[in-house]
Amino acid sequence: MGDGAPILEIKGITKQFGKLLAVNNVSLDIVDGEFFTIVGPSGSGKTTLLRMLAGLEKPSGGDVVLRGNVVNDVPANKRPTCMVFQSLALFNHRTVGQNIEFSLKMRGVSRAERKVRAMELMKTVRLPEDYYAKGVTKCSGGERQRVALARALASDPDIMFFDEPLSAIDYQLRKHLEVELKDLHRETGKTFMYITHSLEEAMVMSDRIGIMQAGHLIQVGTPDEIYSRPLNKFVSEFMGEVNTLGVKRSADGKFECAELSAQLAGPAQAGNSDTGYLVIRPESMRFLSDPSEADNHVKGSLFNEYAMGSRVQYHVRAGGYMLVVEKLREQAYQGKIDDDVIIGWDVKDSVLVSD
Amino acid sequence: MESKVKRWSNALICVWTGIVLLFFFLPIAAVIISSLGKSRYFRFPVKTWSGKWYEQTINANLTENLHITSLYVAACVAAIAVVLGFFGALAFARYDWKGRIFYQRLIMLPIFFPQAVLGLALLLWFTYIGVLPTWEAAVFAHLVWIAPIVTLVISIQVYGFDVSQEEAAYDLGANRFQVFWEVTLPALAPGLFSGALFAFLLSWGNFSLSTYTTGADSTVTEWLYTKMSSGYTPMIPTMGAFSVYGSVIILFLGYIFLIAQRRRAAKRA
């Protein structure tokens, strides 16, 4: 994907609440059929952006163009889009069937036809048939999620919006539902636009990811691009645990890290500033028996180790930093807490980012 | 040792509960007992039982008229208070608007006003603008006090209502009216029901406001009070007993309805 026609064009969209600029001049094209995720911390404006796209909020400036038509003034109930809300917003006084059929009922579809469609959708989202007459309040968290999905799908929208629907679900079920959601995307072929504060979640599901910070869309790319070439320190740290070393470019093309009092070799890419951060992922760090085994090395002492299922994580105190090293279980470091260790990484595994 | 303590504490809880229940229900029982005694004044234990006060009360043609007046007033108050309270509660708890805090305080005021003073004030005002004291005027008087209470009762339901349900319905293609009819109203229905119940009962049992404003129309509570002060007869507890019987019948019917509905739901599922 990525070369199809845009189904949705966002052109310089802005939203102002009083003095607060919640969304600041965001432009973005969404390709027909892609799974696009917007990631950002709370307050970054991602929900406001989504609400403007769904028609629940009017933009203060800019245009929303859906299949070539400006839809700024088209209200949510007239847009061929549908939103799955963070709270799911299920109609608690209704049954599963009534929830799913809601949009069809609003369109005046007959009762018999509605039921046929609802049954189909329940099958799509893997809800048992006998749930049709069950009250939604009697469903479990995962089941409610499925009802919300089926209800949104029932209106056969061009684009499905998701406003962090998995955020309140426990870890294991969430992992499971992420996979299901991605499968559902494949089965339906619809355009999905998802927002979350978890880059990990975005990585699993998305074709492309956009990162928002303080109302700006700062980076857009495939999960791989974002993972390997984060735009700045914010993006790299947002991706999870990374080692971020503050460095200053010195005359010989090396980087001086004052905190570690070390000269480090860094990527040759041209930077526009002399100061920046070297970002090294924990799994690119390794324990060395000799400093020459890697392009860079740092001496430190093993502070603690953490078993994380298939991996083991180590915290190594070096200078003012607590560096993170991650190894597969079968390659675990053989040693004790408080050992003096040498850890290192290769230049190709590091990225230089700006502030 | 521990089980002995537990047994003791259980026994004490039972005794305490029993005493509280007795304290609540003994007065009601006393009303019924005194309505069934033959003698003119309440004596316990009752020496001779008799239904003559029932006969007299029914023959006096009072029961029907008094209860109908009370019923009219209470039903009108409940209906109007729920409508006012519903929209009032939306303004109170659902929407954020300029002056909401002031409105929230203002609406509480009538509740804190002593009812006797409120009744007098309303009567003076009715006289001034030329409204005759009748049961209809009493409906208005009751509303001044009851509508704010109903507003608060419904507000509790509104506070617990997830507003995004309305947005979801709108997003799913419903128009504003459909959102209201299909989502907001049914979701708030339990609150509306308890609001109506509150309004009805508060109006039904109200004396202070009625006594100033009903004029020639008399409610059950007014009649009871007037009779008490002008000369006791066992017709008073008899009238009270009728109200108790009415409540028991209504409760019983409600219970049967509830069971029937549960059966029906179980059959459908």
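Q: What covers the buried residues of α7(B)?
A: In this predicted model, the cover includes α1 (46–54), β6 (81–84), α2 (96–106) and α4 (141–154) of chain A, together with α3 (62–94) and α8 (176–204) of chain B. Helices here are DSSP runs (H or I, at least four residues) and strands are E runs of at least two, numbered from the N terminus. Local features need pLDDT of at least 70, and side-chain atom pairs count only at pLDDT 80 or more; residues are numbered from 1 along each chain.

Q: Why is helix α7 of chain B called mostly covered?
A: Buried means under 20% relative accessible area (exposed is over 50%, partly exposed in between; 1.4 Å probe, protein chains only). Seven of the eight residues in α7 (164–171) of chain B are buried, among them Q165(B), E166(B) and Y170(B).

Q: What makes the meeting of E182(B) and R94(A) a salt bridge?
A: The term requires a side-chain nitrogen of Lys or Arg within 4 Å of a carboxyl oxygen of Asp or Glu. E182(B) and R94(A) have an N to O distance of 3.3 Å, so the pair qualifies. The count between chain A and chain B is three salt bridges.

Q: How is the area buried between chain A and chain B defined, and what is its value?
A: Buried area is the accessible area (1.4 Å probe) that two parts lose on being put together, summed over both. For chain A and chain B the value is about 1800 Å², with 57% from carbon and sulfur atoms. N77(A), H93(A) and M106(A) supply 31% of the area that chain A buries against chain B.

Notes
Chains lettered and ligands numbered in written order. Heavy atoms only, no water. Contact = heavy atoms within 4.5 Å.
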